[in-house]
Amino acid sequence: MITRRSALLGLSAAWSLGGRASLALAAAPTDRRLVVVLLRGALDGMAAVSPYGDPDLLGLRPGLAGTEPGRSGGVLDLGGFFGLHPALAGLHGMYAAGEMLAVRAVAGPYRSRSHFDAQDYLESGAETRLSSGWLNRAVGALPGRTGALAVGVQIPLLLRGPAEVGSYAPQDQPAPSPDLYARIADLAHDDALLGPAVMEGMRDRGFSGATLAGMEAKPGGRNAFAALAAAAGRLMAAPDGPRVAALEVGGWDTHAAQAQRLQGPLRGLDAGLVALRDGMGGAWAQTAVLVMTEFGRTARVNGTGGTDHGTAGVAFVLGGAVAGGRMLGTWPGLAADKLHEGRDLAPTADLRTVAAGLLTDHLGVPPAALGAVFPGGVAGMGGLVRA
Amino acid sequence: MDARTAHAMNRFGLGRRANEVLPEDPVAWLVQQVEAPDPAAFSPGLPTAADGLTVLREQNKLTLPPNTSLVKPLHDQDVAAHTAQLLTTTAPFRERLVWFWANHFTVSTRAAGLSAVAGPFMREAIRPNVTGSFAGLLLAVMRHPAMLMYLDNASSAGPNSPVGKNQRRGLNENLARECLELHTVSPAAGYTQADVTEFARILTGWSVDLQRLFPGYLFRDGTHEPGNKVLLGRRFGPGEVNGIAALDWLARHPATYRHLATKLVRHFVSDDAPPDAVTTIAGVLRDTEGDLAAASIALVHLDAAWTPLAKLRTPQDLAVAALRALDLPADKQPGLGAALATLGQPIWTAPLPNGWADAAPEWTAPEAMMRRIDWSYALAGRAGEHDPAAVADAALGPLLTARTRDAMRGAGSRRDALTLLFTSPEFQRR
């Protein structure tokens, strides 16, 4: 385990792996960096990247459709038809700089709407749960010894497996997301003893009375994800630092009051991705980041101003190495006959092809090894990174 | 798991440890823990009170740099041993009794020197006596260096004793007052300041010898107040033997039985101890002359003790129950000692001699609840691949509400689901 202080202060880039002897990675076979960010809880892809040009959007999502670009609080345009949520201004800056692309209507190969199952499948890279994650197997497929790092308290399934993986966690534990606080408060609400205490405690923590209903995060409040991402960036910037890292962040399961509750997590994600870039420094030019979630959410708004578990969503690919400033994938449309099972955005791309494209074209995993990374094999999506 | 078993393991035990074998008969399981010998096996290498006092004595001779302590390593060993016991014991009811009586006879490391003897106090004075007679427990406590130091009796001197006259030293009433008020008869007995003073005179000489090879309890003739004393209308002669007699008499006083019964019922039944349950337990204590095993078993047989989830878990209860429910491998297990510090109930640090509160309102401050939430979230982050639903079912069985089950099912991650479990109203209770 990397000691926090030495790592954060940049005093030492030496890091030990899985409790084994410290490994010097001066001879790492690649200078390319790959970061995977797992959004646990299912980000609503249509909230993050609004298809404002789709004629069926407003009918499906009254109150959640967002505002057209150019107007106050409007989405940030992605070349017409699509627009980024206004909380993702940092990402939009990367898009404008040609360093970010979004893959629309993407989903894993599974069709489970269970968070836990779907996250396991997403991380396994398969339609079943495997004992190792695809990113670990990809590290194993690289020539030489490439360092991989889990950023957080535990190593996600994505990075578990035969290849050695280090982990880094700060001493300050991240706090629950506003959404989780809201769920805890809701569960305790009818308890005469605990309900009032939890509500009062949240007020004391800075959730103002006005925002308690929507549980919007306090602006300027501590952003644990940004701190983690910044630290990950600094660790990976080191010449002998890890080349592959995984981070995770929750707060996406917005079944109610989504317009309010999504603000904080999106702002936190945006700040974190900017912090990752800034922490990387010059290594950003050799970096690709894949941001993915287990599934999308229902096309329609539900009865509580939120969305329920769906199918296709959005994935982001960003970094100095990325051929960005574009949208990839095929938009299936939101017409009633186009929706998956009459309720979800239909998937038109397999998320694994995005991952596979980054592994081969960016990180240098031999295409022949992809079959071991993704059982059954997938073809990598081309053109994600600059030639 | 049926509801009675789940209740027995939470109310009387410390929460079910993952995969802990379920008892066939929960009542028999509880009774057996009281009747069988204590299965706890503490390392013989743990410090005795004499060890702690020896180190304390040497430490007092030195000028140490700030934030260094020779005693602390001994204390840390004891904290580790006791927390491990809480997390792994196969006799959780007996363990709960140990901590109940330790809180009844609070000593706190907030007082100088106490970290040298707080752990030994648990192992030497409390633990061996929790299923014996209350008089035996009281005597063991009152002669232990930890209590004599904590409540200042070690330095008390009779004004008419040789030392008192020569060195102009006098009484310290602290232990005498707390023994009457907290440990035995309680203010309900109607004692007066004169009784406190008389009892303090009786207890003069009950002291600690730090200088001898194996430091420990010493009755000092030189500080003992001569002459007869009258405590609550009863006359006691001079000498250590009459102090022992006074304690024995106080231990068997009807007001003591009532006071102990009230505290036991509050701990095992509900914050507002039902009067008929208190009467039952007080009657058992009276009929058995203070047999704590009989009283403990009688608690199990109280109908009122089987109303589920009537007690809020203290921070210690909560942390122990959550850690037992997950039963993480050693390398992932967060320290219970650190957890209790975070949650506001660090081990052996009660602010005052009346110990930690045993009523929910004391533990439900808003920030305290937030710390429970944040700690639960941090713990859940270590839980890896635990199936939250399986953890919930194993720990709570039928006590798990549909509402919590649904909230967990709808959670965005395993971590969120476990956080919801640990912060749910039913897991917060026992």
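In this predicted model, helix α20 (residues 402–409) of chain B and helix α21 (residues 414–423) of chain B have axes that come within 8 Å and cross at roughly 160 degrees. An angle over 145 degrees counts as roughly antiparallel, and α20(B) and α21(B) are therefore roughly antiparallel to each other.

**The helix pair in chain B**
- The crossing in which α20(B) passes α21(B) is right-handed.
- On the α20(B) side, the residues that meet the other helix are B:Thr404, B:Ala407 and B:Met408.
- Their counterparts in α21(B) are B:Ala417, B:Leu420 and B:Leu421.
- By type, the residues of this contact of α20(B) with α21(B) are 5 nonpolar and 1 polar, with no charged residue.
- An α-helix has 3.6 residues a turn, so residues three or four places apart point the same way.

**Helix α6 in chain A**
- Helix α6 (residues 134–141) of chain A is mostly covered, with 7 of its 8 residues buried.
- The buried residues of α6(A) are A:Trp134, A:Leu135, A:Asn136, A:Arg137, A:Ala138, A:Val139 and A:Ala141.
- Strands β3 (33–39), β8 (148–151) and β10 (244–249) of chain A are among the elements that cover the buried residues of α6(A).
- The cover also includes α5, α13 (351–363) and α14 (370–373) of chain A.

**Strand β7 in chain A**
- Strand β7 (residues 100–107) of chain A has 8 of its 8 residues buried, so β7(A) is largely enclosed by the rest of the structure.
- β7(A) runs antiparallel to strand β12 (residues 313–318) of chain A, and 5 bridges join the two. Here A:Val103 stands opposite A:Ala315 in β12(A).
- β7(A) runs parallel to strand β13 (residues 326–328) of chain A, with 3 bridges between them. A:Ala102 stands opposite A:Met327 in β13(A).
- Strand β14 (residues 349–350) of chain A also pairs with β7(A) in the parallel sense, over 2 bridges. A:Ala349 in β14(A) is the bridge partner of A:Val106.

**The contact between chains A and B**
- In chain A, 29 residues are in contact with 30 residues of chain B.
- Two or more residues on the side of chain A that touches chain B come from each of α5 (115–124), α7 (178–188) and α8 (194–204) of chain A.
- α8(A) gives the most to that side of chain A, with 6 residues.
- The residues on the side of chain A that touches chain B comprise 14 nonpolar, 8 polar and 7 charged.

Methods. Residues numbered from 1 in each chain as written. Chains lettered and ligands numbered in written order. Predicted model: local features only at pLDDT ≥ 70, side-chain atom pairs only at ≥ 80, totals over all residues. Contact = placed C-beta atoms within 7 Å. Helix = DSSP H or I, 4+ residues; strand = E, 2+ residues; numbered from the N terminus. Nonpolar A, V, L, I, M, F, W, Y, C, P; charged D, E, K, R; others polar. Axes fitted to C-alpha atoms, helices over the stretch in contact; angles between N-to-C directions. Parallel < 35°, antiparallel > 145°, perpendicular 65-115°, else oblique. Left-handed = near helix turned anticlockwise from the far one by under 90°. Buried ≥ 20, exposed ≤ 12 C-beta atoms within 10 Å, placed from the backbone. Pairing = 2+ DSSP bridges.
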